[in-house]
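Hi,

Here is the structure I said I'd pass on.

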Amino acid sequence: MIGIDSKLTGDLTRNLDKFTKDIREQVLFSGVAAMAKVIQEQAHANAGRNRKSGTLQDSIYRVYSPEKSSDETKMYRISWNKKKAPHGHLIEFGTSRAPAYPFMRPAFDHIREAIEVGKARMAERIKEL
């Protein structure tokens, strides 16, 4: 659970601005995490359709990307672990001899659902605060 630690001493306006920023950041973070989870779960399900060993399916992950995030923008990376499943790109894009069985690209077709889940999570988070 994320906690907020604010002390209202000194410059009240500056402290209120920081408090507001902290709230906004936590709400945004929760919403983006929920959206990323929907896409990750869909990619995981898609990878399971061509399951031979389950290695590719088990290698799909989502991780927060602080270097691509800011106060107004939060970003998650959703991909497969290329060390665990180096063949992932061959399945996603195919080869000259094997057809493609995309699992990541179709996951992003669920972006509208992910946005709705994210909005719902942000509303819940606002109520919690």
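Below is what turned up in the pocket search.

First, the ground rules: this is a predicted model, where local features need pLDDT of at least 70 and side-chain atom pairs count only at pLDDT 80 or more, while totals for chains, interfaces and linings use all residues. Residues are numbered from 1 along each chain as its sequence is written, and side-chain values use heavy atoms, with hydrogens and water left out.

A pocket here is an open set of points on a 1 Å grid over the protein atoms alone, where a 1.4 Å probe fits, with protein on both sides within 12 Å along at least five of seven lines; lining residues have an atom within 4 Å of a point. Volume is the space filled by probe spheres set on the points, which are joined across faces, edges and corners.

The largest pocket comes to about 230 Å³. It has 17 lining residues, and Asn50, Lys52, Leu56, His87 and Ile91 sit closest to its centre. Helices are DSSP runs (H or I, at least four residues), strands likewise (E, at least two), numbered from the N terminus. α1 (12-48), α2 (55-58) and α3 (88-93) each put at least two residues into that lining, with α2 giving the most, three.

The second largest pocket is about 180 Å³. α1 has the largest share of its lining, four residues, and β2 (76-80) and α4 (111-128) each supply at least two. Among the lining residues are Val32, Met35, Tyr76 and Phe108.

Cheers
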